[in-house]
Amino acid sequence: MASRGIRDRVAVVAMGCTTFGEHWDRSVDDLLVDAVTECLSGDALTPEEIDAYWLGTMTSGLSGLTLSRPLAIDNKPVSRVENFCATGSEAFRNACYAVACGAYDTAMAVGVEKLKDSGYSGLVRPAMASDGTSAELTSTAPAAFSLLDPAYCAKYGVDPAAMREAMTHVAWKNHVNGARNPRAQFRKAVPKEKIAGSPLIAGRLGVFDCSGVSDGAAAAVIVRAEDAHRYTDRPMFVKGLSLIAGPGSGPVDPGYDYTTFPEVVASAADAYAQAGITDAASQLSLAEVHDCFTPTEIVLMEDLGFSPRGEAWKHVLDGAFDLDGRLPVNPDGGLKSFGHPVGASGLRMLFECWLQLRGEAGERQLDNPTLGLTHNLGGRPGACVSFVSIVGKELSAA
Amino acid sequence: MTQGIVGYGAYLPVHRLEFADLAATLGTGSPKGSRVVAGFDEDATTMGVAAARPIAEGPIGPLWFATTSPPYAEKTNAAAVHAAVGAGEDGFAVDLAGSSRSGTGALRAAAAGGGLAVFADVRVGMPGSADEREGADGGAAFRFGPVADALAVPVAAASLTAEFLDRWRAPGDLTSRQWEERFGLEMYTPLVAEAVARALGEAGITAADHVVVSSPHARTAATLASKYGAQDVLPLGHAGAADLGLRLADVLDRATPGQTILTISAVDGADATVWRTTDRVGSTRAGVRAQLEAGRAIPYATYLTWRGFLERELPRRPEPERPAGPPAARNAGWKFAFVGSRCDKCGFVHLPPARVCASCRTVGQMTKTSLADAVGTVATYTVDRLAFSPSPPMINAVVDFDGGGRSLLELADARADEVAIGRRVRLTFRRLYTADGVHNYFWKARLMEESDGQ
């Protein structure tokens, strides 16, 4: 694959992120204004300096006008993008490439989603005319991801009770982390008994095994790496970006076993190659991953190379991915604590890397982190899009 | 009549309404016995398909579909049956929708010129009514062909028609009404006597080896069964337009070569037919009694919900959209007959059919193949308690079919504690849901019992 990457060619020099939650009092416009205003709140950048915008949203707006109108952006290019739950990441990726190729000096990526206004629990997808035969039309996302649990237990001979404990640990850990994050929707640690005993949603997934829905927005400004220090003394350099759309064949291919996301494996390999990473588990300082449902995070630990196949459930239980573990995963609290405003989540993950690499993560601050990973996936096991980014504190030695 | 029965099938849903539960809820009726009940995802069309599909291989000729509970008005229900039995586009299919007598109508039409007579019904009575207790849901199908291939041949038939108020239902009403019982009995008795006398006379016999009586008028049915010596009456409530077919199928299940069968139908007149079995009888069986015995109880509240008498709160989810006409028409082979495609190059099976092979990426070298009769294995599964379903929770399974092909399917007639990786399944044609008056028909998987073989 000729994925050359743009290692160290661009840098993030400003970010903004709203609190995530039930923003009954704020509209999509308000969330966008809040995120962009915070992003440009430093002295270094003015709106006039942003040459182009990429806006990610799945269901909360159509066209570039979704961003340009509330912010009164004056005749600038605004691209609206959608890629399921990787939508915010996709906006970021495109903005990075626009600057890296020299088309613009400065680009902004913005992600927004307002899900609570629908009145429904779970994501509401636009209905498309269909023959009514796809199980995706009626079965829910928790159901789709719960398929991982029995398949994983069967393949690796994991005692379902142990798997249940590992799933509980994922939710427990992310809520513990989120409790230390003032921007999270849910800011309470949750006892393991409560997680394990929560009302069932799908398969063995209870309420606490599922990320909630919420409203939120986040934004980032991207410039050429050599210009970064004009705007901040602590920029965040982009080391690798990979977005993979799979062939979607898992649900029709008996060769797929529902214990992995092949798209994640492919996008991780691509991003690691771009970033020059040879051993992710030891080289990364932190990882923000798509913990939409607790078994997802367990499988991701293997797909991203943090644990050998069939071992992640043990490492999860051993605390390897806790805030004080060998590789902190979702130090900001993850989707579990933030909820999942689709267009905003990818940028929210980058925001945590931004804070951590700059030493601004407060109570959750890790000890001198240097490399961070963010990961999103959208779709379902066997048919998804996956995004992996690697961001770093320093330019690599040439 | 130039054609005989060359194949027959019958279908009884697995669900049973136990009268003990009904009596406990409503405080009425006797707590003994049960009735056969269609699932929330079953209707006349799906049960007709279930009865007909096993005997519908090859060109089927005209298809006559009889029901008193047509899922659609102003749309030919027989067309969906025709598609789902894999008949493609070739041939005539029409509804005989109305009274229970349309069952006789379908038999007569198919016997006259060959083809497939399909009957199915969902019989609904007001909660606590005799109709509720004495109804039955199910389907039957008879295939007619050359006498030389037949297992039973109609040798004589006679009919009388009388206009009087016995049982009626206004369009749009869920349940029917009936005039007082003694009136119906007095009207039917002489009509049936005349029809039977003519049919027996034409057949040149004085009595038949088997007698089948079918009538929505319960007292008439019981009286006639006794009068004409019907033995070993199928212990099934009245199944509407499917009733005569189910009872004839039950007798054929037990008949031996060279016997005579007298079928009597008392609906808005009287129809009597004499059949003679051939030495082919017994070559296939529909297993009516076995199906009747294999049922299991559902709570009365569930039954009431399924039939629309008990409205329950919907999940906080968007309701599913109705299927759209053009994609449903484009994909009719897939939607109605589970036709996928097999790659000519590598053999990978695609469900639904694809143009580009998911395995070897070859473009446009595919052969259509139906997996409607295939057997598969559960690869993984879930119980979805959040999904919109007419009868939650929805159970979904990833099914890998023997010989290739995978599909994520809803499980029919299953309980959450029964599904497991490795369970074997077959397919069944069902109604997923109804939206904006459009019935969304598709296939579900059904767990096989060990007795199902394989």
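A salt bridge is a side-chain nitrogen of Lys or Arg within 4 Å of a carboxyl oxygen of Asp or Glu. The model is predicted: local features need pLDDT of at least 70, side-chain atom pairs count only at pLDDT 80 or more, and totals for chains, interfaces and linings use all residues. Residues are numbered from 1 along each chain as its sequence is written, chains are lettered from A and ligands numbered from 1 in the order in which they are written, and side-chain values use heavy atoms, with hydrogens and water left out.

**View 1. Salt bridge between B:Arg430 and B:Asp41.** The side chains of these two residues meet at 3.2 Å, N to O. B:Arg430 belongs to strand S21 (residues 424-435) of chain B and B:Asp41 to the loop between strand S3 (34-37) and helix H2 (44-52) of chain B, so the contact ties together parts that are 389 residues apart in sequence. Helices (H or I, at least four residues) and strands (E, at least two) are DSSP runs, numbered from the N terminus. Relative accessibility is 0% for B:Arg430, which counts as buried, and 2% for B:Asp41, which also counts as buried. Buried means under 20% relative accessible area, exposed over 50%, and partly exposed in between (1.4 Å probe, protein chains only).

**View 2. Salt bridge between B:Arg430 and B:Glu42.** The N to O distance is 3.4 Å. B:Glu42 lies in the loop between S3 and H2 of chain B, 388 residues from B:Arg430 in strand S21. Both B:Arg430 and B:Glu42 are buried.

**View 3. Salt bridge between B:Asp137 and B:Arg307.** The closest N and O atoms are 3.7 Å apart. B:Asp137 is in the loop between helix H5 (130-134) and strand S7 (138-146) of chain B, and B:Arg307 is in the loop between helix H10 (300-306) and helix H11 (325-330) of chain B, 170 residues away. Both B:Asp137 and B:Arg307 are buried.

**View 4. Open sheet of 9 strands in chain A.** The strand order is S3-S2-S4-S7-S1-S8-S11-S10-S9, with mixed pairing; two strands pair if DSSP finds at least two bridges between them. Strand S3 (78-81) and strand S9 (286-288) of chain A are the edge strands, each pairing on one side only. The twist averages 25 degrees from one strand to the next, where axes are lines fitted to C-alpha atoms, for helices over the stretch in contact, and angles run from 0 to 180 degrees between N-to-C directions.

**View 5. Antiparallel strands S4 and S7 of chain A.** Strand S4 (residues 106-114) and strand S7 (residues 215-224) are joined by 9 bridges. A:Ala109 has A:Ala220 in S7(A) as its bridge partner.
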